Amino acid sequence: MCIRDSINAEYMGAQVANLGKTQVLTPSLVGVTPAFTASTFSNYLTIDKEDTTTGLSLTEQLYRPSGSQSAIISTSWANKLSINLEANSSFLVMVYNGSYSSQFEIRAQAILKLSPAMTMSALPSSSKQSVMVSIPTYAQFCGGLRLQDVPYEILLVQFKSYSDAAAERVYDTLNSATQESPVVYSIWDYRDVARGIEKNSAIVSATFVSVTIIAMFLCFFSLASSMSANILDQTKEIAIMRALGLTKRRMIILYVYEAFVLVFSSSLSGVVIGACVGWTLTAQQILFTQLPIPFGFPWTNLLVIFLVSVACAIASATIPAYSMMKRQISTIARLN
């Protein structure tokens with residue numbers, strides 16, 4: 001669970017600054033519970049610096065005695081404020097309204113490059129970013145607000161032992177509670193997003209597989225023409241190998257191998273080039289968005305290419321080779 005920004009009427013906003021107040025930044029001040037990092041997606045958590053001696057998670061460390069006067073900030077803001085995790089390295093949190101302000105000196109408990117559900121970045125160009133504190137510290141910033149009066153903006157539900165039936169029960173319970181409440185709530189179900197992503201991924205994958213099959217089918221005619229011309233150009237060699245005792249079946253298989261090498265090597269080269277371009281674009285998106293975008297190699301497409309290559313090789317080489325092998329060796333030798 002977490003709460004964002006002060007809603008206490010005594011204060012209107014917050015700022016963070018270094019001790020000399022030469023750098024003043026406007027944060028999104030967020031209070032989080034100890035289980036916040038355990039309830040979010042860990043692949044979106046990129047830690048720059050943390051205290052690894054406690055054995056606690058990042059947000060659990062905020063609830064230690066030393067963590068009550070500390071916060072979790074982003075790498076870019078830590079650089080701007082010139083702070084680190086040392087005990088003597090601190091910064092100011094200033095809460096204010098039109099005529100009154102109050103400031104608190106706190107230290108950095110951890111420094112993050114990326115955090116789920118928060119705005120954090122290592123890029124210095126990012127402006128407003130999140131500063132995470134414990135809920136008691138957040139209440140203190142709000143002028144001594146009682147904990148039972150602290151409103152929560154987001155409730156995250158993480159299952160210890162997940163099952164669809166348990167998820168449906170929790171969803172129905174929350175949905176019933178929100179409909180009876182005078183406060184407007186919205187329920188976000190990750191399963192709906194996951195199902196949508198899986199459906200879209202299946203559609204995109206099927207589209208690319210279809211395009212691959214169509215492209216290789218069109219290339220089949222070029223391959224068949226090339227193999228026919230190649231066989232007609234090698235009639236002398238065919239006649240000699242047949243005269244030396246090579247069977248018709250072995251000759252046909254030899255040309256099938258040749259056709260397969262041609263079509264599969266060219267297709268594999270296209271896959272490798274496309275994968276390199278895709279990896280480059282993914283790395284570029286990661287740099288621009290600061291999100292852990294995974295790179296997925298198209299293994300399904302590669303399998304389809306292999307199977308279609310085998311079919312094209314057999315079809316393009318067997319027909320002209322079989323037509324040639326039906327003739328007498330003397331006739332084959334006189335063709336060219």
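Okay, let's start in a loop: Ala117 sits between strand E8 (101–114) and strand E9 (130–134). Quick note on labels: helices (H or I, at least four residues) and strands (E, at least two) are DSSP runs, numbered from the N terminus. This is a predicted model, so local features need pLDDT of at least 70 and side-chain atom pairs count only at pLDDT 80 or more, while totals for chains, interfaces and linings use all residues. Residues are numbered from 1 along each chain as its sequence is written, and side-chain values use heavy atoms, with hydrogens and water left out.

Back to Ala117. Its phi is near 65°, and that's a positive value in a residue other than glycine. Ala117 is partly exposed, at a relative accessible area of 46%. For the cut-offs, buried means under 20% relative accessible area, exposed is over 50%, and partly exposed is in between, using a 1.4 Å probe and protein chains only.

Ser82 also has a positive phi without being glycine, near 55°. You'll find Ser82 in the loop that runs from helix H2 (75–81) to strand E7 (90–96). Buried or exposed, this Ser82? Exposed, with 63% relative accessible area.

Now go to Thr75, in helix H2. Thr75 counts as buried at 7% relative accessibility. If you skip neighbours within four places in sequence, its contacts (heavy atoms within 4.5 Å) are Asp48, Ile111, Leu112, Lys113, Ser121 and Ala122.

Leu62 is another buried one, with a relative accessible area of 1%. This residue is in the loop between H1 and E6. Again leaving out neighbours within four places, the residues in contact with Leu62 include Val32, Ile72, Gln109 and Met132.

On to charges. How many salt bridges does the structure hold? There are 4, where a salt bridge is a side-chain nitrogen of Lys or Arg within 4 Å of a carboxyl oxygen of Asp or Glu. One of them pairs Arg64 with Asp51, at 3.9 Å, N to O. Arg64 is in the loop between helix H1 (58–61) and strand E6 (70–74), and Asp51 is in the loop between strand E5 (46–50) and H1, so this pair ties together parts 13 residues apart in sequence. Arg64 is partly exposed at 23% relative accessible area, and Asp51 is partly exposed at 24%.

Then there's Asp189 with Arg191, at 2.8 Å, N to O. Both Asp189 and Arg191 are buried. Asp192 forms a salt bridge with Arg195, with the closest N and O atoms 2.5 Å apart. Those two, Asp192 and Arg195, are 3 residues apart in helix H5, which means about one helical turn between them. Asp192 is partly exposed at 42%, and Arg195 is partly exposed at 47%.

The expected span here is 1.5 Å times one less than the number of residues. There's a kink of about 25° centred on Phe220, where the bend at a residue is the angle between axes fitted to the seven residues ending there and the seven starting there. Phe220 is also one of the buried residues of H5, which include Met216, Leu223 and Met227 too. What covers those buried residues includes helix H4 (164–180), H6, helix H7 (248–289) and H8.

H5 (residues 190–233) packs against H6 (residues 235–243) at an angle of about 65°, with the axes 5 Å apart. Axes are lines fitted to C-alpha atoms, for helices over the stretch in contact, and angles run from 0 to 180 degrees between N-to-C directions. Ile231, Leu232 and Asp233 of H5 make the contact with Thr235, Glu237 and Ile238 of H6.

Last stop, H8 (residues 299–325): its 27 residues should span 39 Å, and the end C-alpha atoms are 38 Å apart, which agrees. H8 bends by about 30° at Thr318, with Pro320 following within four residues.
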